[in-house]
Structure formats: structure tokens, C-alpha cells
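Please keep the sequence and the structure in view while reading.

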Amino acid sequence: MLDYKIRNARILDGTGSPWFRGEIGIKDGMIVTVAPYLETAAIYEIDAEDQIVCPGFIDVHTHDDLAVLHDPVFEAKLYQGVTSEVLANCGLGCAPVNDRTKHQLQQYITPVLGSYFDNWNIKRFCDYTTALKNGRSTMNFVTQVAHGAVRIAVMGFDNRIASRKEIEEMVALVAEAMQAGAIGLSLGLLYAPGCYADRDELIALAKTVAKYGGLINCHLRTEGDSLLESMNEIFEIAEVADIPIHLSHLKLIGEKNWGNIHRALELIENKRVKGLDVTCDIYTYTAGSSTLMSVLPPWVSEGGIEKAMRRLTDPASREQIKEDMKRSVKGWDNFVNMLGWERLVVSAVASERNKDLEGMHFLEIAELHGKDPCDCLMDLLVEEQGNVTMILHQM
């Protein structure tokens, strides 16, 4: 006898075959049979009422690394049909951890991963994978090791080229993570401190991951005017390291660039023809989300959030930020210059005093406060200590 029988279902079995009407038998928590009709009786029967029944969805790009430890049930994803997740994307992750730079790491990941730091006992990457295994979550996971966490553990937020010794330390941390079950290395080359990394550092880490059969998953350094240059940068690294490369949320930012995404797709196809294992995923909508700190020039974040906050209150630094935002700077996606203030929307703040700004773009905020939108942005970041996320209407 079966434990459960699901009947009157339109079944998609995940093989790519067309759906078919059928019944599903479940015993001891496992699907044991799928057929057009099941004669075996069941203790419980579920009428699917002609709805689709299919395998759970795999969410390949998430930032739920800490949330799934905080909430093992995780209904938010289950209600969307998601049963498996890929963690630690965009170079954002919660391990490895260095006690000396732990606070910097936590400040770095909070806007995206949340502030679930109660009973924080994660140091090595294996501590994190053990926490996932012991968390009794409803979800299935695979996780990457995040370049941002690795670099912070070794160098903090130093805006400089890594020394040979520092690269060796990062290589050791990545190797340890791969041995602990990471599937690869995720890069967030748009964000500090990932944007401070050079070719030699990235190749050394990529070669380490390749030894363990892993992959590189990259948020590109730029996604606007110099998208193709950024793609070629990471393709060269992948070719030298002989490693598969996946591009996260491939897009082309800026109204003047819209319609030219075919050039990026052609570049991917050409690389695939030549033997590079390259894939990508995309947004299914025309807006993206990120930290509001990523609007600022990369030099502002040097040294971490606390030093960035001091720069945002320094009159000379504020004027330099305003000047930088008026022009295009090679190697930096200047969102304001490419999109305009009306396409930058505040999505979430940490404190109650600024909750009324959530859902507003910066021209509306500037009008509300009677100030320049750039001043509004910098003031908001200072008030929230950098913990602000935004929606970018960019594609």
C-alpha cells in the first residue's frame, strides 16, 4: 500500500517530455511510481484537480545564505515551487571568516544576506556547510565559496593588488572550501572588495578551483558601456585556468546600450564554438536589485563601511563623488550617469525613520527634502550606515 497517491494530475517529469495526465505514488517519503493510472491503494489520496505536478524548481541565483539557517521552513521559496538553491552568489558569502575582519564581512553582507548574526559560530567554510547540513531545512542546497569573503579574510577592504603571500593565503582558503563541498568560486567584480582584484589573483584562484572540478560564477566587473571588455576579461581567466565559467544575470545596462545584447550573445557563442564551457542566466524582467553602496565610485568603499561613512560626511570627498557621478569612468558602472536618478529606487532601509522612502526614486526623494539627489543618496547611506538596497530599472 502507498502512503500517498496524487491523482488527476498533469505531470511534467523534468525530462523535457510533454506533460501527461497521470498519478503519482509515494511511499516512505519517496516517489515510487508514476503512471497514467495506479491500481495500488493509498492511505491518503490527493486530488490535484488537473493542476500541474512537477519536480521542484532550482533557483540558481539566490542570496539566502543566512536566511535559510534562520528559517529552516523557508516558506517564501516553497510557495514559489523552489526546492533547491544555489548559494553564495556575486562574491557575497558568510565564510571563511577572519576574527580580525569579521565585523567588516558582516557589514559587507548585511544589506543583501541580512543580519542573522545571532549565535554566529562560522569561521571555516566547513563550519558553514556543516550548519547547512544540520539545519534541517526544507530546501536542498549547493553552495559556492565567495571571493568577497575570501579577500576580506585575507586583506579586508584594501584597495590594492594582492601580494604573492596574500594570494597564497586566498588559494589555501579556496582549496579548503572546495574540500568542504563548495561547487566553485563566485566573483562579484562590480563590488568592493572584488573590484580591487587583478588578473593574477583571479587566475590563481580559478586554477585552484579547477583542480577540484569546480566552476567560476561571475558577476561581471561592468555591465554597461564596457560589458564586452568585462566578458573578455573573465573569459581569458577561464581559458588560462581551463575552467567552466558561468555569467550571473547577463544584461546590458543603459538606455544607449539597449538592443545591443546580441553582441554579448555572439561572443558567448563564439567562445563555446572554440571550446570554452561558458553559460549564463538572465533576469526575466527589466529591473535588478543591489546595494545602494554600489552606486558610489569604488574608491569610496576602500577600508570598509566605517571608512566609507567617514568619506560620505567629508565635504571634499562628497564633492569628488558628485564630480565622478557626472562622467563615465573606465572600469566602473556609473549607474547615475547611465540611467538617471529616476531609475534608482530605494527598496529597503534598516531603520524605521526612513521607511517612508522605500519605493521612491531619488528625484522624488530630492523633491521631498529640497536637496540635490546625490546629497540625498549620501545622507541616506550615512543615516543607515550603508544598509540600504535599491531597485535599478536598468534593462
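The paragraphs below treat a helix pair, the nonpolar cores and some backbone features.

The model is predicted, with pLDDT of at least 70 required for local features and 80 or more for side-chain atom pairs, while totals for chains, interfaces and linings use all residues. Residues are numbered from 1 along each chain as its sequence is written, and side-chain values use heavy atoms, with hydrogens and water left out.

**A helix pair**

Helix α7 covers residues 199-211 and helix α8 covers residues 227-241; their axes come within 9 Å and cross at roughly 45°. Helices here are DSSP runs of H or I with at least four residues, strands are runs of E with at least two, and both are numbered from the N terminus. Axes are lines fitted to C-alpha atoms, for helices over the stretch in contact, and angles run from 0 to 180 degrees between N-to-C directions. The two helices, α7 and α8, are therefore oblique to each other, a class left after angles under 35 degrees (roughly parallel), over 145 (roughly antiparallel) and 65 to 115 (roughly perpendicular).

On the α7 side, the residues that meet α8 are Arg199, Leu202, Ile203, Ala206, Lys207 and Ala210; on the α8 side they are Glu233, Glu236, Ile237, Val240 and Ala241. Contact means heavy atoms within 4.5 Å. Of the residues in the contact of α7 with α8, seven are nonpolar, four are charged and none is polar. Nonpolar here covers Ala, Val, Leu, Ile, Met, Phe, Trp, Tyr, Cys and Pro, charged covers Asp, Glu, Lys and Arg, and polar covers the others, Gly among them.

**Nonpolar cores**

The largest nonpolar core has 107 residues, and Ile109, Met231, Ile234, Phe235, Ile245 and Phe362 have the most contacts inside it. Helix α8 gives the largest share of this core, seven residues. A core is a set of buried Ala, Val, Leu, Ile, Met, Phe, Trp, Tyr and Cys residues joined through side-chain atoms within 4.5 Å. Buried means under 20% relative accessible area, exposed over 50%, and partly exposed in between (1.4 Å probe, protein chains only).

**Backbone features**

Most residues other than glycine have a negative phi, and most peptide bonds are trans.

| Residue | Phi |
|---|---|
| Alanine 88 | near 65° |
| Arginine 136 | near 55° |

Alanine 88 counts as buried at 3% relative accessibility, whereas arginine 136 counts as exposed at 76%. A cis peptide bond joins alanine 95 and proline 96, and another joins alanine 192 and proline 193.
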